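User: I am new to this structure and would like to learn how to read its features. Where do we begin?

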Amino acid sequence: MVDWLTLIVVIILIVALLITNIYILVYFCHPDDRGSCVGWVLKIIVIIGLTLSWIQVLLLPLDVSNNRTFGGGLNMRIFWYIIYIITIVYILIISPISSSYYESDDSWSCKEKITHSLCWFLIYFVFFILITIILYATIGKADIPINSIICDYASASSQNSFSPLEININKCEEYDTSIKIKVNIIIYAIAVLVFVSWILFALFGGIGLAAVPIDLFCAFRNRPRHMRSIEVERRKKMLMENVDSLRNLGNEVKVLESKGDHKRFIFSSKRRNYNNKLSQFRAGYKLIDDEYKIVNAEKEARKQGNCVIVLYYLLIPLGIIATLFTLIWLIQFILSYFYRKSGRPGVSFLARMYIFFNDHDIAFLSFIIFSLLSLYLLFCVIKGNFKFGIRLLCCWQIFPMKKNGTYMNTFLFNVTLILLASCSITQFCSDCLEDYVAFTDINMIFNVQIRYLKFFRIFYKNHIFQYIMLAIFLISLIYLLLRPSDNINSVLKTQPQKNTKIKIGKNEKEKIKEKDKNKNKNLDNDKDKDKESSHSDINEKTFPAFDDLK
């Protein structure tokens with residue numbers, strides 16, 4: 001029988017996430033993309049991609065609830081096939097065509113833009129199809145291990161011909177063997193997709209698990225404060241110098257674009273140099289924008305009181321929750337892959353908790369907890385992508401999101417990354433929660449067929465990706481604890497601004513101290529207003545627009 005309560009909760013959560021996706025799109029979308037017809041089509045594509053990524057995560061507990069009753073009435077295998085086929089189509093066809101069409105030159109005609117888009121689509125699609133077909137034709141079989149027991153039957157002469165044969169328990173032999181099955185092409189396409197997904201999840205997920213809690217606490221540490229006038233002038237001067245460096249970097253990017261370096265072959269030295277400069281510009285713009293928001297928030301706090309600064313204290317409970325989620329996944333990881341019995345997790349406290357909720361008719365609690373932990377992994381992938389890109393700009397481009405300043409190509413990149421990562425996250429959850437996902441269709445797909453496919457079994461049976469992710473997490477944790485803040489000087493490749501303090505005479509220092517004391521007593525003083533107005537020089541117009549580079 002179908003668990004209607006869990007199904008209703010799933011539907012409600014999907015609707016809530018759909019509304020959240022629309023809000024995210026409206027909140028971050030650039031005004032230039034709000035009126036065009038192409039912009040509306042791309043918005044629909046973005047919403048579909050985000051919804052697909054959430055559905056992949058949310059279908060797993062529904063699959064568990066449906067099959068724990070040994071046939072709950074829903075054919076979940078068909079659901080999984082449909083979801084992954086749409087995911088493959090989205091990643092290989094919809095996303096590259098949409099992104100390349102949007103990024104094509106505005107001077108091109110519609111026919112030229114479509115031709116350019118189809119060329120990029122064919123590169124991704126043909127490569128994936130050829131790899132899948134070649135591997136499927138050569139090694140498309142799963143070698144599934146089984147445990148066989150052979151026993152001798154008792155002598156049939158002493159029994160009635162109609163009576164069942166009795167087994168002689170004392171003459172039973174147990175041995176390990178395997179059976180080979182040919183999986184269908186859909187399963188093999190999913191296996192190739194998940195393999196690529198695991199590469200990104202192991203890298204970005206490992207970094208994100210360490211970076212999310214650390215960044216939340218760092219954001220609180222760097223919160224706006226009531227700064228003295230000297231500190232205001234120092235931070236203002238540093239910000240303006242960084243803006244000048246960023247403007248110079250943007251001019252270099254424009255020069256490279258005028259030479260046509262952005263249209264050269266993707267592996268050429270000039271194209272790589274252009275991509276590196278563009279990545280530096282994007283990362284620098286993001287860090288300078290964050291610094292501007294902090295300085296501007298301090299100015300707003302002086303006008304409106306402490307309400308603006310108090311909001312930053314919400315980062316403390318968020319940091320604690322993120323730390324708790326990271327520790328939960330770390331403990332689950334250790335118990336699943338370092339303490340195993342007969343090839344299965346020795347202790348799986350998350351699986352036991354979920355099973356307890358299901359057995360006591362409160363499966364919706366396991367669904368909510370599982371969804372939160374799984375969606376946290378998706379958030380870690382996005383954070384890890386940005387953290388990796390901003391620290392290693394030469395190896396990866398970043399696409400940061402900004403309120404009312406995010407173009408559709410940035411949306412498409414991030415949504416495709418989330419959708420691709422959700423495939424490996426689903427496989428990871430089904431692997432380390434084997435007791436919880438037993439008897440499910442997703443367990444049959446991942447842990448029985450894909451897990452034992454030739455070539456893929458080397459990585460999945462020996463948990464290669466999981467160990468790589470753990471190693472990356474430990475390295476990232478140590479590195480981020482030593483260098484928690486992103487350095488704008490290293491991004492823009494400028495000299496550290498150590499001696500940027502403004503030289504002020506003794507008499508002027510005494511006057512400033514007196515004014516600082518008077519500000520706390522009377523903010524309406526004309527001289528104090530002049531000091532506060534120094535912040536007004538720092539505004540959005542201070543930053544170079546460079547809208548064509550985003």
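User: Is Val-310 buried, partly exposed or exposed, and why?

Analyst: Keep in mind that this is a predicted model. The general idea is to compare relative accessibility with cut-offs: buried means under 20%, exposed over 50%, and partly exposed in between. Val-310 has 47% relative accessibility, so Val-310 counts as partly exposed. Val-310 is part of helix H8, residues 307-310.

User: Which residues make a nonpolar surface patch with Val-310?

Analyst: Phe-217, Tyr-313, Ile-316 and Ile-320 make the patch together with Val-310, and its area is about 430 Å².

User: What should I know about nonpolar side chains in the interior?

Analyst: In soluble globular proteins, nonpolar side chains tend to be buried together. Here the largest nonpolar core has 108 residues, and Leu-60, Trp-329, Phe-428, Tyr-436 and Ile-450 have the most contacts inside it. Helix H5 (residues 185-221) supplies the largest share of this core, 23 residues. Another core, of eight residues, lies apart from it and includes Leu-239, Val-243, Tyr-285 and Tyr-292.

User: What is Phe-428 in contact with, leaving aside neighbours within four places in sequence?

Analyst: Among its contacts are Trp-198, Phe-201, Trp-329 and Phe-333. Tyr-337, Leu-377, Gln-466 and Met-469 are also in contact with Phe-428.

User: How many residues of helix H13 are buried?

Analyst: Seven of the nine residues in H13 (residues 441-449) are buried, and the helix is mostly covered. The buried residues include Asp-441, Asn-443, Asn-447 and Gln-449, along with Ile-442, Ile-445 and Phe-446. At the start of H13, the backbone nitrogen of Asn-443 has a side-chain oxygen of Thr-440 within 3.2 Å.

Terms used. Residues numbered from 1 in each chain as written. Predicted model: local features only at pLDDT ≥ 70, side-chain atom pairs only at ≥ 80, totals over all residues. Heavy atoms only, no water. Patch = residues over 30% accessible without salt bridge, like charges linked within 9 Å, V, L, I, M, F, W, Y side chains within 5 Å. Areas by Shrake-Rupley, 256 points an atom, 1.4 Å probe, with all protein chains shown as cover. Salt bridge = Lys/Arg side-chain N within 4 Å of Asp/Glu carboxyl O. Helix = DSSP H or I, 4+ residues; strand = E, 2+ residues; numbered from the N terminus. Buried < 20%, exposed > 50% of the residue type's maximum accessible area, 1.4 Å probe, protein only. Core = buried A, V, L, I, M, F, W, Y, C linked by side-chain atoms within 4.5 Å. Contact = heavy atoms within 4.5 Å. Polar contact = N/O pair within 3.5 Å; in protein donor to acceptor, adjacent residues only side chain to side chain.
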